[in-house]
Amino acid sequence: MKRYIYTVFAVLMALASCKKGDGIIDGGLSNPKVNMTTYDFLKTHPRKMFDTTLMVLDKAGLKDIINGDVTFFVPNNYSINNFLNIKRDEARQVDENKKYTLDSLFKYFTPKMLRDSLGIYVFQGKTSYGQLTEAGQIFHPVVSPTENFVIAYTKTTGYLVDGIITTNARLVYFTRVIGDRDVMVGGQMQDPTGDEALLDRTAVCQTSGIETTNGVVHVLSNSHPWTFKVKDF
């Protein structure tokens, strides 16, 4: 049995009084293996949390890629919706009645653009939870080998619940490096140039270390915006 971060919504939402949609991580022990491919795991999820992601993935032609010997940091439906909402808000800076839906995405994004945007979450080889360190390592996406991502974990006591969760959680972090890797200065992360626009962008995994028949899946938090998109206004 391996330790991996497992998301539990119903019980801990009641205990921690979390907002709807928040992912909670218990750091408990569970069997990480699922007897199906990565694609089928996403397709058969009981809460349908990857239906929108799969629509983008299919349009991008990435099914064979994620069913290879890879690690997939998968953005779920919430992540795609966060991206659409940011694009909608940008459009409304010009016209307050503008909408930006999934249909808009498929209208303006070519399959190659979708492939490049979703492909940054896919890495060659199986990067399991046990291989990670607190210092983190640099990885390069399959579709964009010149980009740098840092994969690491951080210990936290924030999810301990007396009598229920007694082991510190180790949260897996997935960071897109913008320019040079950020450094710690005075207790805060800063870009070496001091330019705030070049700060790295980090997402936390709500579920980590799922071992499919072909690879490894880490699920990013509901709050993560696909492509690491941020508002530019």
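## Contacts of Trp226

Trp226 is in contact (heavy atoms within 4.5 Å) with Val56, Pro75, Ser79, Ile80, Phe83, Leu105, Leu114, Ser117, Leu118 and Tyr121, leaving aside residues up to four places away in sequence. The model is a predicted one, in which local features need pLDDT of at least 70 and side-chain atom pairs count only at pLDDT 80 or more, while totals for chains, interfaces and linings use all residues. Residues are numbered from 1 along each chain as its sequence is written, and side-chain values use heavy atoms, with hydrogens and water left out.

## The largest nonpolar core

The largest nonpolar core holds 44 residues, and Phe73, Leu105, Tyr121, Phe174 and Trp226 touch the most other members. Such a core is a set of buried Ala, Val, Leu, Ile, Met, Phe, Trp, Tyr and Cys residues joined through side-chain atoms within 4.5 Å. Buried means under 20% relative accessible area, exposed over 50%, and partly exposed in between (1.4 Å probe, protein chains only).

## Aromatic pairs

There are 13 aromatic pairs. Rings of Phe, Tyr and Trp (its six-membered ring) pair if their centres lie within 6.5 Å; planes under 30 degrees apart count as stacked, over 60 as edge-to-face and the rest as tilted. The pair of Phe123 and Phe149 is edge-to-face because the ring centres are 5.6 Å apart and the planes stand at 75°. This pair links distant parts of the chain, with Phe123 in strand E4 (residues 122-124) and Phe149 in strand E6, 26 residues apart. Strands (E, at least two residues) are DSSP runs, numbered from the N terminus. Phe123 is buried at a relative accessible area of 1%, and Phe149 is buried at 0%.

The rings of Phe123 and Phe174 have centres 5.7 Å apart and planes at 85°, so this pair is edge-to-face. It joins distant parts of the chain, E4 and strand E7, across 51 residues. Phe174 is buried, with a relative accessible area of 0%. One aromatic cluster is formed by Phe73, Tyr121, Phe123, Phe139, Phe149, Phe174 and Phe228.

## The second largest pocket

The second largest pocket contains about 300 Å³ of space. Its lining has 13 residues, of which Val150, Thr175, Arg181, Met189 and Thr202 are the closest to its centre. Strands E6 (149-156) and E7 (169-176) are the elements that give two or more residues to the lining, and E6 provides the largest share, four residues.

On a 1 Å grid over the protein atoms alone, a pocket is an open set of points where a 1.4 Å probe fits, with protein on both sides within 12 Å along at least five of seven lines; lining residues have an atom within 4 Å of a point. The volume is the space filled by probe spheres set on the points, which are joined across faces, edges and corners.
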